[in-house]
Amino acid sequence: MRQAREAAGMSLDDVANRTRITLRHLTALEAGHYQALPGTTYCAGFSRAYARAVGIDEHALVSKVREEIAEMGVEQDPYEIEEPVDPSSVPPRYLVIAAAVIALLFAGGYAIWRTQYITPPTDDQLAIEQRTEPRIADPRNKSAAPAQSPAQARPNGPVVLTAVNEVWLRIYQPDGKRLFEGTLEKDKSFTVPAEAQDPMILTGRPDALAVTVGGQAIPPLGTAERTISDVPLTAAALLERRVQPTDTDPAASQTSNGDAPPAG
């Protein structure tokens, strides 16, 4: 082995850099001190990589090393089955660590996504939402509400909820009866039963739901950042959302009704 290395004009350091085998193991391998190496299969694997580095027949060298080990009576580990991977083909340690970190980041991001879209809201979130009172439009602001057409004012079903994204929701009645509870997969729909008594919805992602009443699109039930609960799902209540005035500034509202503050 040493003669082949020297004939190739290589030092042990050159072989170590090319094969990624430590100098200690290469020195023991060249000297035939197989007892200093981890095991028979490691000796064979190191020999194979060594032969490739210096340009000699790897099969002949491996066979020769195994014969010498057998003649020396070096005990072979019974659990060794295959030769180890060529050390030169093993990726650097920093690449392995970087790949592990990237995998953990992807796993963490997926877990956060699943939690955001599917996990039911907590009791604390519900309590906060229930304490938040919706703003009531000024009844004096007559110009804020456009005239309702007969199709808009007339309750007409069915009420259909379609998941734009995977989302958890609960459909229930005031008496506690649950009409649906669970995860609605993307592009799947749920039709509120026509006989349901004042059905309502609870969900943490109202923006992930598309709502229609008799085929008419209804504005979103809420934003992505807020959990909604006790929101009516009757046809009449949902159709009112189509004509519900948007919140306006109080001062602007007074001006539009002729109640502007006196000049001066």
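Visitor: Is V101 buried, partly exposed or exposed, and at what relative accessibility?
Guide: This is a predicted model: local features need pLDDT of at least 70, side-chain atom pairs count only at pLDDT 80 or more, and totals for chains, interfaces and linings use all residues. Residues are numbered from 1 along each chain as its sequence is written, and side-chain values use heavy atoms, without hydrogens and water. Buried means under 20% relative accessible area, exposed over 50%, and partly exposed in between (1.4 Å probe, protein chains only). V101 therefore counts as partly exposed, at 41%.

Visitor: How many residues does the largest nonpolar core have?
Guide: A nonpolar core is a set of buried Ala, Val, Leu, Ile, Met, Phe, Trp, Tyr and Cys residues joined through side-chain atoms within 4.5 Å. In the largest one, L161, L169, I201, L233 and L238 have the most contacts inside the core. At least two residues each come from β1 (159-163), β2 (167-172), β6 (209-213), β8 and α9 (235-243). The core has 23 residues.

Visitor: Why is β2 largely enclosed, and how many of its residues are buried?
Guide: One side of β2 carries V167, L169 and I171, all buried. β2 is largely enclosed by the rest of the structure because the buried count is 6 of the 6.

Visitor: Which residue in β5 stands opposite Y172?
Guide: Two strands pair if DSSP finds at least two bridges between them. β2 is joined to β3 (residues 178-184) by 6 bridges, running antiparallel. β2 also pairs with β5 (residues 200-203), antiparallel, over 4 bridges. In β5, the residue opposite Y172 is M200.

Visitor: Where is V231, and which residues is V231 in contact with beyond its neighbours within four places in sequence?
Guide: V231 lies in strand β8, residues 228-232. V231 counts as buried because its relative accessibility is 14%. Contact means heavy atoms within 4.5 Å. Beyond those neighbours, V231 touches P199, M200 and I201.

Visitor: What is the N to O distance in the salt bridge of R5 and E30?
Guide: A salt bridge is a side-chain nitrogen of Lys or Arg within 4 Å of a carboxyl oxygen of Asp or Glu. R5 is in helix α1 (residues 2-7) and E30 in helix α3 (residues 23-31), 25 residues apart. R5 is buried at 9%, and E30 is buried at 17%. The N to O distance is 2.6 Å.

Visitor: Which residues are linked in a network of salt bridges?
Guide: R48 bridges E58, with the closest N and O atoms 3.0 Å apart. E58 also meets R52, at 2.9 Å. R52 counts as partly exposed at 45%, whereas R48 and E58 are buried. The linked residues are R48, R52 and E58.
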